[in-house]
Amino acid sequence: MTLNAPPEASAALSSVPRDLTGREVAIDVQQLVKGFRKKSGGTLLRPRFTESRAVDGVTFQVRRGEIYGVLGPNGSGKSTLIRAMSTLLIPDAGRVSIFGLDVVRDEAQVRRLLNRVSVDAAFYKKLSPRENLLYSAQLYGLAPHVAEERALSTLKRLGLKEKAFYEPLEEMSRGMQQKVAIARAFLTSPVVVLLDEPTTGLDPKSRRDVQEFVLELRDVHDATIILTTHDMPEAERLCDRIAFISSGKFVAEGTPDELRALAGPGKSLEDAFIELTGEDLAEKGEEDT
Ligand SMILES: Nc1ncnc2c1ncn2[C@@H]1O[C@H](COP(=O)(O)OP(=O)(O)O)[C@@H](O)[C@H]1O
Ligand SMILES: [Mg+2]
């Protein structure tokens, strides 16, 4: 598999901002806010709305080559954060830059650097992975043979049998479909990858395949990755640093060891999460949203 950055990426990557320690900042999020209007009563003709903030003033930086985890229960704002970072939602306030490019102002350039994988991936279910991926490749302006070779090698790497490449997607398990979604995101060789709950709802084998692929992306392909999850062991296994998110706010950030230490000697990451947020991750994390 080749994951060399496209020419646009190389141009953007040549003048990368750095943090105080001199390391390259791949992702810079400052005071990001995204709210939704929710109906909160009133009448049919005169409904009353309240504004609720799904992402409420989030600030963080991710260094080049890092796997950064955003860990929180359902409804804590993970997907909204990812969508606002990937140009799908316009932030109400704050800003997001990717290698110095602003996601709102420089949207077209950012889209070439970054891709997102989420559970709501849309596919033509009656078509095969091959047909779906070739269709996307066309939208990306990628030559069909390049796309096919790249997609097939990603899928094989993820443990998908080649035969499945030619069969209708609707006959596939959730795990296999998720692997196709990941292969599609990698058609463009993104240098920044946003993985929104990439393993939620997957069988143990697929979960493992996806987790190993994530580690390989960082180690072999120099990708910078944000990964959301409500799975504590996954966050510990994959992430260089983790942020705890609760009700749209980051309540703590650090390496797994640093976060454990916040809860005290001998405490687990889960203990730290409960102590800092007052929420139990496992309990609320059963559904697939
Ligand atoms: N399109 C939307 N319209 C209205 N409310 C939304 C929308 N998307 C998310 N929300 C609300 O924002 C909050 C955070 O949701 P989300 O970002 O999906 O959390 P998570 O991914 O952590 O489960 C929830 O209260 C959810 O109901
Ligand atoms: Mg979500």
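Which residues have the most contacts inside the largest nonpolar core? They are Leu-71, Leu-133, Val-214, Ile-225, Ile-242 and Phe-244, in a core of 47 residues. The model is predicted.

**Nonpolar cores**
- Ile-225, one of the residues with the most contacts inside the largest core, touches several residues beyond its neighbours within four places in sequence.
- These partners of Ile-225 are Glu-66, Ile-67, Tyr-68, Val-193, Leu-195, Val-214, Leu-217 and Arg-218.
- Another core, of 31 residues, lies apart from the largest one, and its members include Val-58, Val-62, Val-70 and Ile-82.

**Helices α5 and α6**
- Helix α5 spans residues 144-157 and helix α6 spans residues 174-185; their axes come within 9 Å and cross at roughly 135°.
- Because of that angle, α5 is oblique to α6.
- The crossing of the two helices, α5 and α6, is right-handed.
- On the α5 side the contact involves Ala-151, Thr-154 and Leu-155, and on the α6 side Lys-179, Val-180 and Ala-183.
- Sorted by class, the residues in this contact are four nonpolar, one polar and one charged.

**Phe-99**
- Phe-99 sits in the loop that links β4 (93-98) to β5 (101-102).
- Phe-99 counts as buried because its relative accessibility is 3%, and the cut-off for buried is under 20%.
- Phe-99 and Val-191 are separated by 92 residues in sequence, while their C-alpha atoms are 9.8 Å apart in space.

Definitions and conventions: Residues numbered from 1 in each chain as written. Chains lettered and ligands numbered in written order. Predicted model: local features only at pLDDT ≥ 70, side-chain atom pairs only at ≥ 80, totals over all residues. Heavy atoms only, no water. Axes fitted to C-alpha atoms, helices over the stretch in contact; angles between N-to-C directions. Helix = DSSP H or I, 4+ residues; strand = E, 2+ residues; numbered from the N terminus. Parallel < 35°, antiparallel > 145°, perpendicular 65-115°, else oblique. Left-handed = near helix turned anticlockwise from the far one by under 90°. Contact = heavy atoms within 4.5 Å. Nonpolar A, V, L, I, M, F, W, Y, C, P; charged D, E, K, R; others polar. Core = buried A, V, L, I, M, F, W, Y, C linked by side-chain atoms within 4.5 Å. Buried < 20%, exposed > 50% of the residue type's maximum accessible area, 1.4 Å probe, protein only.
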